[in-house]
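Subject: Structure for you to look at

Hi,

Here is the structure I promised to pass on. Please open it and keep it on screen while you read. My notes follow below.

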Amino acid sequence: MIDNVLIDTLVTGLPLVPLVLGIYLVLNIREDFDMTVEGSFALGGAATAVGLTGGLNPWMALAIGAAAGSIAGLVTSQLNLILRIPLLMAGLVMNMALFTVTLRIMGMPTMSTAGMETIFSPFVSSPGREADVAMSIVLAAIVSVVLIVFALFLRTEIGLSLRASGRNSRMVRSNGVNDNGLLILSLMVSNGLSAFGGGLMIQMQGFADVNMGTGMFIAGVGAVLLGVLLLRPTGSRVIRIVLAVVVGALIYRLILVSALRFGLPAGDLKGITALTLVLAVAAQGYLAPALARYRVRLSRKREPAPAPPTPIPTPSKETVDA
Amino acid sequence: MHEPMLALENIRLVYNRGRADEVTALDHLDLALDPGEFVTVVGSNGAGKSSTVQIISGAQRPTKGRVRVKGRDVTAWPDYRRASMVARVFDDPRVGSAPDLSIEDNLALAMSRGRRRTLRFSTNATRRNRMRDELSRLGLGLEDRLHDPMGLLSAGQRQSITMIMAGLATPDVLLLDEHLAALDPATAARVLELTADLVAEMGCTTLMITHNMEHALRLGSRMLVMSRGRVIADVPQARKQHMEAAHVVDLMVGAGDELTDRILIPELQTEGAM
Ligand SMILES: Nc1ncnc2c1ncn2[C@@H]1O[C@H](COP(=O)(O)OP(=O)(O)OP(=O)(O)O)[C@@H](O)[C@H]1O
Ligand SMILES: [Mg+2]
């Protein structure tokens, strides 16, 4: 029972991790709202499904799906920059427009990819428990690569500008960075990630649905809040950021999967999501000060006595992320 | 004839144009600064000092007139493009630094100022050594706290770091807009010392706005007095050396400006800044 819950959580939760990462990028790093991710999740799924049906290599199909999402992000950024539509509104509009685009791409509301070659095919023979375990291992490997690449990216000069830009765009500009360029980049990366997650999702579940993105933004926000609550990442703690994303996404799925396993009907899941979100937000307010106090005590203990130690040569030590 | 480092030509700046609350912040402003010149700027509230800085940094486009740096017309350049030549320290240390990022990340961001950002890592061993060297000159022990978030530091510590940041990628023009305003007298004195050292070291053209008459007279090689969007007095070093703070205040009052308690003259200062 317990391990069934865990496997279900991994298989259905891991494809969401890229989406949650994309939402974290815009919501927490850029401190902005972009609803396009819902549309690009379905778009990525659809483009990947069409690719699979056309006999494309499943990795290639995934890449095309992700690229489609990035283009959607690019369009949203231009709506904001050129037409000066507020980002929240631009995202809502794009989300709606992408429904039609997705439907057009598939030519039908739901498209089955059952029996087609997927990224899982080499590792999965017949459906069942073992197949689920194999799939979650493959997914875990892919998601790990995505998270590591993303963390490394955040450490680059461009990634650093991105991390500074959300809170303090004036500072970033006065240091010579084009803030508009960062907006375009963040929306392209975020929607590309979301679409990539959609591509993973359809290969895992064996079908694409034009509505598969609906509610994903708020679900992703819930996951981000959970992750932030548990790991308290800050702008310079890059490893914590990606850990918060994966932990948040999986715990969010765990709550939903457990609810299903305990016999709640599928229709109750939206209610559970809403409840999780409310509790996560409330917990931010109530628990955060308590947690912060705890953390301060911890860090005081870790700190050496006021006398500064002689600088230790630390050529390879990147950060003190823990 | 040599080229001025920075030239403002017949600048006019109007805020909220065509609206009821239209304000002419700068009018017929001409200014030429030579390479390496250190100019202090005084003037009562609303005189247009910050507006001048905004025009030079590119944060505001002039309604009329030209801005030249090193002879190049940069009037149409956005602020981030000018950052390769112009560095700026804000009056509020919170604006000049990112509070949730570590000291190291803040310094790394400033180290790449004016260069194209790449996919290279923002910090490496060489850069980190340079950061420690620069921080150790502050004598605040910050060189051992590279990983602490900037937000944990006091206003004085943060402003000291933003001064260091402004100098990391040596600018041609350095703009300081009341950068000591948020600091207590002792800290202000320390950061002022650091300012003088850095400016002397880099030899960059510097514009320092202050409400402290003593600072304005003691530092720099030239002093400008502004009033109602214009420069009403341009005091060269020879005259500045022998000038009294009260005389500067007379100049401002003569221009019809009201004085506020933000204008500090030495006789009125209770806690001597120096
Ligand atoms: N963003 C703005 N919008 C509208 N009016 C502005 C704006 N910024 C400045 N002003 C106006 O322009 C004039 C010049 O302001 P500025 O900030 O340049 O003065 P200042 O000399 O820096 O004064 P202070 O000593 O108070 O800092 C003032 O009348 C001010 O009210
Ligand atoms: Mg001002």
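First, a term you will need: two strands pair if DSSP finds at least two bridges between them. Keep in mind too that this is a predicted model.

**The six-stranded sheet**

Start with the open sheet of 6 strands in chain B. Its order is 6-7-8-3-9-10, and the pairing is mixed. Which strands stand at the edges? They are strand 6 (86-89) and strand 10 (230-236) of chain B. Each has a single partner strand, so one side of each is left without a neighbour in the sheet. On average, neighbouring strands here are turned by 20 degrees against each other, direction ignored.

Strand 6 of chain B pairs with strand 7 (residues 173-177) of chain B in the parallel sense, over 4 bridges. Find B:Val86. Its bridge partner in strand 7 of chain B is B:Val173.

A helix belongs to this picture as well. Helix 7 (residues 185-202) of chain B lies across strand 3 (38-43), strand 7 and strand 8 (205-209) of chain B. It runs at about 165 degrees to strand 7 of chain B.

**The four-stranded sheet**

Chain B has another open sheet, of 4 strands in the order 2-1-4-5. The pairing is antiparallel. Strand 2 and strand 5 (72-73) of chain B stand at the edges. Each has a single partner strand, so one side of each lacks a neighbour in the sheet.

Strand 4 (residues 64-69) of chain B is joined to strand 5 of chain B by 2 bridges. There, B:Val69 stands opposite B:Arg72 of strand 5.

Helix 1 of chain B lies across strand 1 (6-15), strand 2 and strand 4 of chain B. Its angle to strand 1 of chain B is about 115 degrees.

**Ligand 1**

How many residues surround ligand 1? There are 15, and the closest include B:Asn45, B:Lys49 and B:Ser50. By class, the shell has 4 nonpolar, 8 polar and 3 charged residues. Helix 1 of chain B gives the largest share, 3 residues. Strand 2 (23-33) of chain B supplies at least two.

Look next at the contacts to oxygen atoms of ligand 1:

- B:Ser50: a polar side-chain atom lies 2.7 Å from an oxygen atom of ligand 1.
- B:Gly48: a backbone N or O atom lies 3.0 Å from an oxygen atom of ligand 1.
- B:Glu178: a side-chain N or O atom is 3.3 Å from an oxygen atom of ligand 1.

On its own, ligand 1 has 630 Å² of accessible area, and the protein covers 65% of that.

Best wishes

Key:
Residues numbered from 1 in each chain as written. Chains lettered and ligands numbered in written order. Predicted model: local features only at pLDDT ≥ 70, side-chain atom pairs only at ≥ 80, totals over all residues. Heavy atoms only, no water. Axes fitted to C-alpha atoms, helices over the stretch in contact; angles between N-to-C directions. Contact = heavy atoms within 4.5 Å. Near = heavy atom within 4 Å. Polar contact = N/O pair within 3.5 Å; in protein donor to acceptor, adjacent residues only side chain to side chain. Areas by Shrake-Rupley, 256 points an atom, 1.4 Å probe, with all protein chains shown as cover. Nonpolar A, V, L, I, M, F, W, Y, C, P; charged D, E, K, R; others polar.
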